[in-house]
Amino acid sequence: MDKELLEILACPKCKGVLRMTVDETELRCPACRLSYRIDDGIPILLVDEATSYE
Amino acid sequence: MPSPPKGFTRAQFGRVASRYRCSTDHSDVEDLDLLFTGLALDAEHRVLDVATGGGHTAVTIAGRVARVVASDLTPVMLMEARTLAREKGVRNISFAVADAEALPFADAVFDRVTCRIAPHHFPDVRSALSEMARVTRPGGRVGIIDSVVPGEPSLDAFLNGIEKVHDPSHVRSYRVEEWLEFLSGAGLALVQSASFWKTHPFPEWSARTGLPKDVQWEVEMMFLSAFPLARETFRIRTENGRVVSYSDEKAIFVAKKP
């Protein structure tokens, strides 16, 4: 996933900043504790498909 | 009438995604010239194309601006859009699976936002427009193209009724007056509006949404039994008892975020 896109992305739920995991497979919203997966380079930024993390 | 669930819309477009990349209705980008005039695109602009579908709008715009982000609810559609971008050698484009009503972008990060021939699928157009306005910078512009219906209620019901059978993910094509209200409700000021009629060759249009033959025939019967005003308004052409083509009206709205 390209880094320029990451700069303007926000959590679709709270519109807060997203952070990419070290392995670059997920984008996480620290405020909502939601994780959005990246499929084949395309982030899936749907609240319904996000998973909770601790 | 309740809207189809979004999962349903995704499943519908997932099944037929490649037909949209190849569809003449969606790849015929002449209406984009009209849209571009109103958008006043600049080589420095960052543009978001919402519900990009097969990616025609996003890929065309990418040739004129610095950066395009193409979003769609359906991952398979975005794969098709990415294929189109690669075929055309377009590299300044990024993709994100997103719901138009809950856009995953920070406030005011786009110079222009476009959405072409898609809002009639949105369960809540007002929310989608308010999201598009939110991600547009002050002074930026939002450009919309979608099918519209005439003010006459019987014509509105006729065409929306057919569209819903033809494409179960169809929610509603709106009247121009409704669009103007949606735009002002999202805090956007109209800069330009225009409309044009588009003719759809029936066999391709009918097959595009992947319906079983009997449902395609049901849609054709609806056209064949159209009342005279509908037949005339939508220019329904028939030959040997079969529908050859029909026309519908598309409207273009460009609005500015104050």
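These legends go with close-up views of a predicted model.

**View 1. Cysteines of chain A without a disulfide.** A:Cys11 is a case to look at: its nearest cysteine sulfur belongs to A:Cys29 and sits 3.8 Å away. A:Cys11 is buried, at 0% relative accessible area. For A:Cys14, the closest cysteine sulfur is again in A:Cys29, 3.6 Å off, which is too far for a bond, because a disulfide needs the two sulfurs within 2.5 Å. A:Cys14 is partly exposed, with a relative accessible area of 35%.

**View 2. A salt bridge between chains A and B.** The whole structure has 20 salt bridges over all chains, and one of them pairs A:Asp2 with B:Arg67 at 3.6 Å, N to O. This one crosses between chains: A:Asp2 is in the segment before α1 (3-8) of chain A, while B:Arg67 is in strand β2 (residues 67-72) of chain B. A:Asp2 is partly exposed at 27% relative accessible area, whereas B:Arg67 counts as buried at 15%.

**View 3. Salt bridges around B:Arg172.** B:Arg172 meets B:Asp156 in a salt bridge of 2.8 Å, N to O. B:Arg172 belongs to the loop between α7 (153-166) and α8 (176-185) of chain B and B:Asp156 to helix α7, so the pair ties together parts 16 residues apart in sequence. B:Arg172 also forms a salt bridge with B:Glu178, at 2.7 Å, N to O. Through shared partners, salt bridges join B:Asp156, B:Arg172, B:Arg175, B:Glu177 and B:Glu178 into one network.

Notes
Residues numbered from 1 in each chain as written. Chains lettered and ligands numbered in written order. Predicted model: local features only at pLDDT ≥ 70, side-chain atom pairs only at ≥ 80, totals over all residues. Heavy atoms only, no water. Buried < 20%, exposed > 50% of the residue type's maximum accessible area, 1.4 Å probe, protein only. Salt bridge = Lys/Arg side-chain N within 4 Å of Asp/Glu carboxyl O. Helix = DSSP H or I, 4+ residues; strand = E, 2+ residues; numbered from the N terminus.
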